[in-house]
Amino acid sequence: MHALTLPAPGHFDEMLLASGAIRPHYQAFANWLHAQTPEHLAKKRAEADLLFHKVGITFAVYGDEAGAERLIPFDTVPRIVPAEDWSMLEAGLRQRVTALNRFLWDIYHGHEIVKAGLIPAEQVFANAQYQPAMQGLDLPHGIYAHITGVDLIRHSDGGYYVLEDNLRVPSGVSYMLENRKMMMRLFPELFARYAVAPVAHYPTLLLNTLRHASTADNPNVVVLTPGPFNSAYFEHAFLAQQMGVELVEGQDLFVKDEFLYMRTTVGPKRVDVIYRRIDDAFLDPLAFRADSMLGVPGLLSVYKQGHVILANAIGTGVADDKSIYPYVPDMIRFYLKEEPILHNVPTWQCRKPADLDHVLAHMAELVVKEVHGAGGYGMLVGPASTQAEVEDFKLRVQANPSNYIAQPTLCLSSCPTFVESGIAPRHLDLRPFVLTGREISMVAGGLTRVALKQGSLVVNSSQGGGTKDTWILES
Amino acid sequence: MLSRTAAQLYWMSRYLERSEDLVRMLDVTHSLSLLPQSRGAMTELAAPLAVTGTLEAYHARHDKLEADKLFNFMALDLENPSSVLSCLKQARENAHAVRGQITAEMWEAINSTWLEGRTLPKRGIPSVSSFFDWVKERSHLFRGATYGTLQRNDAYCFIRLGTFTERADNTARLLDVKSQLIAPAVDTLMPVLAPSDSAPDFYAWSALLRSLSAFEAYHAAYRDSLDGRRVTELLILRPDVPRSLRACCDEIRAILPQIEARPGAADAGREVKQLAGRLALRLEYGAVDEILDAGLHGWLTGFLAESATLGDAIRRAYFEAN
């Protein structure tokens, strides 16, 4: 009924073996797919588009005037993860996020890992994301990253690797939740065939995590957004509504007598916890960027007195920086005395002369990224670039080597995806969300992003990527 | 509730109500201009420009008053901040900023209205009356979604407050302009308002009533022919006509005590409640002959000033407190 394009030899596909045989956990889905007419599925996809548009699940693309709001393309073939894979991933994520929080506490206190010689001091203290204002500050329960999004990929060997950790303001969880709602609405019959772990309780876990972050009785939690023009505004509003807390902008908050208040119709109301969705630099024009209209003057001073909690804490960016990333396995060994469960992607640091030589010599085979870059901007995918582009990028790297790292071009796993010509393999990654509160909690799931262009390895929504529902199977 | 959120909910519904009221006004001027006896169609058509204070803006863009250009300017022109589409756009932008406070149904109603509306200038509309009907339908849909799905909390109160503040304002303006167009002598010559048997007046008053969806109410209330005095009474003093000044002010007065307030003298809304109470009582115990004796235009001007004072007080009490 449907022509399934087979994955290229040597690639790992989530559903298909190179022979075209179906992996066991996809068999029931494949049977179902086989029984559907292409017209029926096309109708369902159109229905999904219409619904997403009506609900307004859109995102704004920076610098794109015409398409001020776009839909992230949604693919109706789910990414299915067997239970045993997830239990390994969950253990690995708990371990990794625990170590990252320990690292943040350490570098803002006794610097043990630096003293032990595991990470060069300048990598930490000269890092633009390191916030000297955080030195010596004690946060409740020692938690810095309350919400972490870890980007995982699967290589052609079938193994999972961590591509990057996101400890600042990771986004995308609303798509995880809305994609599931959509799949259940479009194809309820599939959920009778599969025991898919639920994800809908994520906002409850998030609220518990945020409340636990404060030592106040019955803390007042708010979500701080840059406003309706931010690309992730939908998610900010969505999470505030799902948690039943106020969605505030900087202008709604003010500092008085060393406490933080919000302006309400019945006068000022104390704020205890801010789930902030704006970057450090914009939080407080008195302490950071003076031209920021998004933050609250005086917020840092209230924060340093412990009168308000920021989730995530200020200065977490130093731990998810691409120049620190290569050290995460060492952190796990150092703080937890455990071997890492999840592997890093091998990484060359261009600030090291030997690594730089290797990168310059092999750039056409590598992926080169800016150390502080995000969102798929400022990177080179060697094999997908022209000779001229590679040469041009070499000059940029040589001009400022310490600004770049390089990794082998990973062969991201693929999953059958609806495309113009039918169903074909497209590359994907996976971002689970890890919450650190009284204990570490997470829903069994995550955001699967998919590169919709044939052969493309860039899954970011700002670069034309789409999403899929992620099904973690219950054992 | 956050002050900003309250303001945005209030303005969301004011803008939506304004778009509907504007369409009602365009509808009645459109009907009047089609009457053979109309006192020069241009006078009728220019009325909406006068009411919205956009006459100058219109002339900055167009030389002559022409029916097509006027309609485009008032209905579809996004450069005109007072046009129907501009109002829908601002209603939607406010809704976008408070989407956590409104239900999915409300958001979908207002968002899809804008998504469709913004394509109209390019796509064109089949007829002016189909556009009028569309705007009214979308407004009804949003109000219905609000009534049927929103928790009865402060958000609900501020939305309703916006609706009735805007509606009272518009009914008063519409009545003012129409009564002057229909009977320019209304303020000075009472006999003009006496049993009106002339055909043009009949059509003019009925167009006004229809535009305010009050034609049936008139006949149910008076079971008599149309005349200016009774129309005036109906639209100002009847408590059971949803777009009358009395009905709007009764609603405002009833909504205010439901908004969360600090007790006693600390209640920032005290002044608002006093003003609203005074306004509602004046209408409750008012009489149409007193209004006409004083002069309808003068009376309506006074009402609009008080309604503006009330709007100001609402802003100070709820949106700018702290």
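**Reading a sheet, its helix and the domain contacts**

Q: In what order do the four strands of the open sheet in chain A stand?
A: The order is β7-β6-β11-β12 in chain A, an open sheet with parallel pairing. As for the terms, a strand is a DSSP run of E with at least two residues, a helix is a run of H or I with at least four, and both are numbered from the N terminus. Two strands pair if DSSP finds at least two bridges between them. This is a predicted model, in which local features need pLDDT of at least 70 and side-chain atom pairs count only at pLDDT 80 or more, while totals for chains, interfaces and linings use all residues. Residues are numbered from 1 along each chain as its sequence is written, and chains are lettered from A and ligands numbered from 1 in the order in which they are written.

Q: Why is one side of β7 and of β12 in chain A left without a neighbour in the sheet?
A: Both β7 (246-248) and β12 (309-311) of chain A stand at the edges with a single partner strand each, so one side of each has no neighbour in the sheet. From one strand to the next, the twist averages 30°. Angles run from 0 to 180 degrees between N-to-C directions, and axes are lines fitted to C-alpha atoms, for helices over the stretch in contact.

Q: Which helix of chain A packs on the sheet?
A: Here "contact" has a cut-off: the C-beta atoms of two residues, placed from the backbone, lie within 7 Å. Helix α9 (residues 233-243) of chain A packs on the sheet and touches β6 and β7 of chain A, with its direction at about 150° to that of β7(A).

Q: How many bridges join β6 and β11 of chain A?
A: Strand β6 (residues 221-224) and strand β11 (residues 273-276) of chain A pair in the parallel sense over four bridges. In this pair, V221(A) stands opposite V273(A) of β11(A).

Q: Which domains does the assignment give for chain B?
A: Domain bounds come from an automatic or database domain assignment. For chain B, that assignment gives domain 1 (1-149) and domain 2 (154-322). Their centres, taken over C-alpha atoms, are separated by 21 Å. Each of these two domains of chain B gives 28 residues to the contact. On the side of domain 1 of chain B that touches domain 2 of chain B, α1(B) gives the most, with 17 residues.

Q: How many residues does the contact take from chain A and from chain B?
A: The contact takes 20 residues from chain A and 22 residues from chain B. The largest share of the chain B side that touches chain A comes from α6(B), with five residues.
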